[in-house]
Amino acid sequence: MTNIAMSSLVLGTVQLGIPYGVANTIGKPDERAAIEIVRAAWEGGISEFDTAQDYGDSERVLGAAFRELEIAD
(Lines give C-alpha, C1' and ligand atoms only; values in the text may rest on other atoms or scores of the structure.)
Protein backbone atom coordinates (compact mmCIF):
# COMPACT_ATOMS: atom_id res chain seq x y z
CA MET A 1 0.00 0.00 0.00
CA THR A 2 1.34 3.44 -0.96
CA ASN A 3 1.44 6.14 1.70
CA ILE A 4 0.04 9.35 0.19
CA ALA A 5 1.11 12.60 1.82
CA MET A 6 -1.82 14.86 2.69
CA SER A 7 -0.23 17.70 0.75
CA SER A 8 -0.79 15.73 -2.45
CA LEU A 9 -4.57 15.71 -1.99
CA VAL A 10 -6.73 18.31 -3.73
CA LEU A 11 -10.40 19.04 -3.08
CA GLY A 12 -12.37 19.38 -6.31
CA THR A 13 -15.04 22.07 -5.98
CA VAL A 14 -17.26 21.61 -9.02
CA GLN A 15 -20.12 20.36 -6.82
CA LEU A 16 -19.93 23.54 -4.74
CA GLY A 17 -20.95 25.53 -7.81
CA ILE A 18 -23.22 23.34 -9.93
CA PRO A 19 -25.31 20.19 -9.44
CA TYR A 20 -22.64 17.92 -10.89
CA GLY A 21 -22.34 14.17 -11.25
CA VAL A 22 -24.47 11.36 -12.59
CA ALA A 23 -25.06 10.00 -9.06
CA ASN A 24 -25.85 13.42 -7.57
CA THR A 25 -29.52 13.29 -6.68
CA ILE A 26 -29.66 16.27 -4.29
CA GLY A 27 -27.91 19.03 -6.24
CA LYS A 28 -25.21 21.32 -4.91
CA PRO A 29 -24.82 21.97 -1.18
CA ASP A 30 -26.03 25.25 0.26
CA GLU A 31 -23.36 27.78 1.17
CA ARG A 32 -23.27 26.78 4.87
CA ALA A 33 -22.68 23.12 3.96
CA ALA A 34 -20.06 24.12 1.39
CA ILE A 35 -18.18 26.11 4.03
CA GLU A 36 -18.25 23.11 6.35
CA ILE A 37 -16.87 20.91 3.57
CA VAL A 38 -14.00 23.35 3.02
CA ARG A 39 -13.43 23.56 6.80
CA ALA A 40 -13.22 19.76 7.11
CA ALA A 41 -10.83 19.56 4.17
CA TRP A 42 -8.60 22.32 5.57
CA GLU A 43 -8.56 20.82 9.06
CA GLY A 44 -7.76 17.45 7.48
CA GLY A 45 -4.64 18.87 5.88
CA ILE A 46 -5.92 19.69 2.41
CA SER A 47 -4.66 23.09 1.28
CA GLU A 48 -5.19 22.83 -2.47
CA PHE A 49 -8.57 23.37 -4.11
CA ASP A 50 -9.44 22.78 -7.78
CA THR A 51 -11.90 25.27 -9.22
CA ALA A 52 -12.69 26.89 -12.55
CA GLN A 53 -14.96 29.52 -14.06
CA ASP A 54 -16.97 26.73 -15.67
CA TYR A 55 -17.91 25.40 -12.20
CA GLY A 56 -20.82 27.81 -11.77
CA ASP A 57 -20.38 29.86 -8.60
CA SER A 58 -17.82 27.56 -6.96
CA GLU A 59 -15.15 30.29 -7.06
CA ARG A 60 -17.44 32.67 -5.16
CA VAL A 61 -18.43 29.98 -2.65
CA LEU A 62 -14.81 28.96 -2.14
CA GLY A 63 -13.82 32.59 -1.61
CA ALA A 64 -16.61 33.04 0.95
CA ALA A 65 -15.41 29.93 2.77
CA PHE A 66 -11.81 31.16 2.80
CA ARG A 67 -12.87 34.53 4.20
CA GLU A 68 -15.11 33.04 6.89
CA LEU A 69 -12.52 30.47 7.91
CA GLU A 70 -9.75 33.10 7.74
CA ILE A 71 -7.53 30.89 5.62
CA ALA A 72 -6.91 33.45 2.86
CA ASP A 73 -6.40 37.17 2.58
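Colleague: In what order do the elements of the protein chain run from the N terminus on?

Modeller: This is a predicted model, so read it as such. The order is β-α-α-β-α, starting at the N terminus. In total, the protein chain has three helices and two strands.

Colleague: How much of the protein chain is buried?

Modeller: A residue counts as buried when its relative accessible area is under 20%. Here the protein chain has 73 residues, and 26% of them are buried. The accessible surface of the chain is about 5,000 Å². Carbon and sulfur atoms hold 53% of that surface.

Colleague: What share of the contacts joins residues 24 or more positions apart?

Modeller: Start with the contacts that have a separation of 6 or more. Of these, 65% link residues 24 or more positions apart in the protein chain.

Colleague: Now the core. Which residues of the largest nonpolar core touch the most other members?

Modeller: A nonpolar core is a set of buried residues, such as Leu, Val and Phe, joined through side-chain atoms within 4.5 Å. The largest one here has 13 residues. Leu11, Leu16, Val38, Ala41, Phe49, Leu62 and Phe66 touch the most other members. Helix H2 (31–43) and helix H3 (58–69) each give this core at least two residues. H3 supplies the largest share, with five residues.

Colleague: Take Leu16 from that list. Which residues does Leu16 touch, not counting those up to four places away in sequence?

Modeller: Leu16 touches Lys28, Pro29, Ala34, Ile37, Val38, Asp57, Ser58 and Val61.

Colleague: How many aromatic pairs does the structure hold?

Modeller: One. Phe49 and Phe66 form the pair, with ring centres 5.2 Å apart.

Colleague: Why is the pair of Phe49 and Phe66 called edge-to-face?

Modeller: Look at the angle between the ring planes. Planes over 60 degrees apart count as edge-to-face. These planes are at 70 degrees, so the pair is edge-to-face. Phe49 sits in strand E2 (residues 49–50) and Phe66 in helix H3, so the pair ties together parts that are 17 residues apart in sequence.

Colleague: Is Phe49 buried or exposed?

Modeller: Buried. Its relative accessible area is 16%, and the limit for buried is under 20%.

Colleague: One last residue. Where does Ser58 lie, and is Ser58 buried or exposed?

Modeller: Ser58 lies in helix H3. Ser58 has 0% relative accessibility, so it counts as buried. Setting aside neighbours within four places in sequence, Ser58 contacts Thr13, Leu16, Gly17, Thr51 and Ala52.

Terms used. Residues are numbered from 1 along each chain as its sequence is written. This is a predicted model: local features need pLDDT of at least 70, side-chain atom pairs count only at pLDDT 80 or more; totals for chains, interfaces and linings use all residues. Side-chain values use heavy atoms; hydrogens and water are left out. Helices (H or I, at least four residues) and strands (E, at least two) are DSSP runs, numbered from the N terminus. Buried means under 20% relative accessible area, exposed over 50%, partly exposed in between (1.4 Å probe, protein chains only). Contact means heavy atoms within 4.5 Å. Accessible areas come from the Shrake-Rupley method with a 1.4 Å probe; for residues, only the protein chains shown count as cover. Rings of Phe, Tyr and Trp (its six-membered ring) pair if their centres lie within 6.5 Å; planes under 30 degrees apart count as stacked, over 60 as edge-to-face and the rest as tilted.
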